[in-house]
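We will go stop by stop.

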Amino acid sequence: MPKIIFDNVSKAFVNNSGQQIQVIDKLFLEIEPEKITCILGPSGCGKTTLINLLAGYIFPDDGYIFYDSQYINGPGPERAVVFQDQALFLWKTVKENIGFGLKCQKINEALREKIINERLDKFGLHGFGDSYPCQLSGGMKQRVGLAGALATRPKVLLMDEPFSSLDEQTREMLQEDLLKIYYEARPTIILVTHNIEEATFLADTIVILTKRPGTIKSIIKVALPNPRISEVRNSTEFFQLRRHIWETIREEIK
Amino acid sequence: MKPIITNPIRKSVLSNGVKLLIPVIFILFWQALMAGDGQNVQILPSPAKVFLAIINLFGEGTIITDILVSLKHVFIGFFIASMAGIIAGVAFGYSKIVKTLFMPLTEFIRPIPPIAWIPISILWFGIGDNPAYFLVSLGAFFPIMTNAYFGVISVEENYKRAALSLGAGRKEILLDIILPASWPSIFTGLKTGLGISWFMVIVAELVGSQSGLGYMIQLNRLLLHTDKVVAGMIIIGICGYLMNKAMEILERKLLPWRLIA
């Protein structure tokens, strides 16, 4: 199983006034394969930086990130990314968006078409294949993003606040859709969020970061029953866990 | 009682009527001004005379040739400018090396107004079609190149990142991401470029050509046929307007993904 390991990772940025800002400081973290790990933390703690490092868009100043016992040295299709603001290609139709990863992998057109149609059905996008992103609602756009990222069956799915710009109902629907897909294909999911409820509902493991410079504050194994169903949200355990997480984070905000 | 909801059809007839109001008053005023005796038609003919001149020009048929010649000058010059401008702009935006090598040269040439090239283009190409092609493509090149360049450099980093994470290589990044993402900007450049082309073709034909609409109004000035000069100007205006409209229709066809609010 491909494991992801952060080994003593540090990353700093230089801000507009020329100051060096340490975003992540000596971070050790091991991500369990085929599980959902949610990364929570106060805003500005470097959550997005972690995703960018894992995706291979940026590189650590110090330390190493291993994926499958190798350094991450750039973006790759085995690590799919779902962005906060949907990075759908506005000039491509829904079908072309979903099929782009397959096209890049030189999968022939007939098979591509078959996979795309299957994805359209699964993600509730039937009949929207020829629409352009500008014609879709926020929730549908995010579904297209998810369908596109998953079309090539990546081993890892990196999600950077994927549902944060959606309304409450749509967000809960999509969280449940995500779980459905997850139980089928079992990718390793690393999801960054500031939404405690979301993390509690989705995660097998919750990693809470400290405020900047980000390092690990606490790691919580979520013992809620699997597969998660919507009703879990109303259970006492869920409330208790949520409260515990909130208190842990609150210490950081103060 | 007045109806609260206005009838959309009546509204559009009304707003079209309002649009025409000032032009109609203008033409009537112009006609009234020319009605008295002693007006010099060689300075300004009446709208009725200009209208007759347009009818006659089409009746004689030479105006058709002039229009076609000017359109030929524009299209060939504009085509060359589009190819060169898009390729140069995209290359400048895509490759730091190309930009560093060639952009200083284009930045040096750009501030020279295209009309300042007229004397040398006549020396180089003589009188005829070629200076027109040269001046049109020179004038249209810069807005096309600049807009293509800015289109490419302002493609959002997230698009490229998303594509890379989906396994895109250099070819896909260029053809599937950078080019289509910068199309709206490139198209803005093409529209501006076509406008400048039309401007440049008339200038080129005024001084360096023996055919076309620019040549036709210049010739009629020498013959003191002011009605035909004004008629020619109006035809030039109409052609330019129609070209611009055609580009707008083409834009809507080529860029269906842009939300037209």
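Domain bounds here come from an automatic or database domain assignment. This is a predicted model: local features need pLDDT of at least 70, side-chain atom pairs count only at pLDDT 80 or more, and totals for chains, interfaces and linings use all residues. Residues are numbered from 1 along each chain as its sequence is written, while chains are lettered from A and ligands numbered from 1 in the order in which they are written.

**Stop 1: the domains of chain A**

Select residues 1-72 and 161-254 of chain A; together they are domain 1. Now colour 79-153 of chain A, which is domain 2. The C-alpha centres of these two domains of chain A lie 25 Å apart.

How many residues of domain 1 of chain A are in contact with domain 2 of chain A? There are 13, and they meet 12 residues of domain 2. Two residues are in contact if their C-beta atoms, placed from the backbone, lie within 7 Å. Helices (H or I, at least four residues) and strands (E, at least two) are DSSP runs, numbered from the N terminus. On the domain 1 side, helix H1 (47-55) and helix H5 (168-185) of chain A each supply at least two residues. H5(A) gives the most, with 5 residues.

**Stop 2: the sheet**

Show the strands of chain A in the order E6-E7-E8-E3-E9-E10. They form an open sheet of 6 strands with mixed pairing. Two strands pair if DSSP finds at least two bridges between them. Which strands are at the edges? They are E6 (79-82) and E10 (216-221) of chain A, and each pairs on one side only.

Zoom in on E7 (residues 156-160) and E8 (residues 188-192) of chain A. These strands run parallel, joined by 5 bridges. Pick Leu157(A): its bridge partner in E8(A) is Ile189(A).

H4(A) lies across E6 and E7 of chain A, at about 175° to E6(A). Such axes are lines fitted to C-alpha atoms, for helices over the stretch in contact, and angles run from 0 to 180 degrees between N-to-C directions.

**Stop 3: a covered helix**

Select helix H2 (residues 94-104) of chain A. Of its 11 residues, 9 are buried. A residue is buried if 20 or more other C-beta atoms lie within 10 Å of its own, exposed if 12 or fewer, and partly exposed in between, with C-beta atoms placed from the backbone. Phe100(A) and Leu102(A) are among the buried ones. What do the buried residues of H2(A) pack against? They pack against helix H3 (109-122) and H4 of chain A, together with H8 of chain B. After H2(A) comes Lys106(A), with a positive phi near 60°.

**Stop 4: where the chains meet**

Show both chains. The contact takes 17 residues from chain B and 18 residues from chain A. On the chain B side, helix H7 (157-165) and helix H8 (170-208) each supply at least two residues. H7(B) has the largest share, 6 residues.

**Stop 5: the core**

A nonpolar core is a set of buried Ala, Val, Leu, Ile, Met, Phe, Trp, Tyr and Cys residues joined through C-beta atoms within 7 Å. The largest one has 118 residues. Among the members that touch the most others are Cys38(A), Leu157(A) and Val136(B). Helix H6 (residues 129-153) of chain B gives the most to this core, with 14 residues. Domain 1 and domain 2 of chain A both give residues to this core, so it lies between them.

Finish on Cys38(A). Its contacts, leaving aside neighbours within four places in sequence, include Leu191(A), Ala199(A) and Ile206(A).
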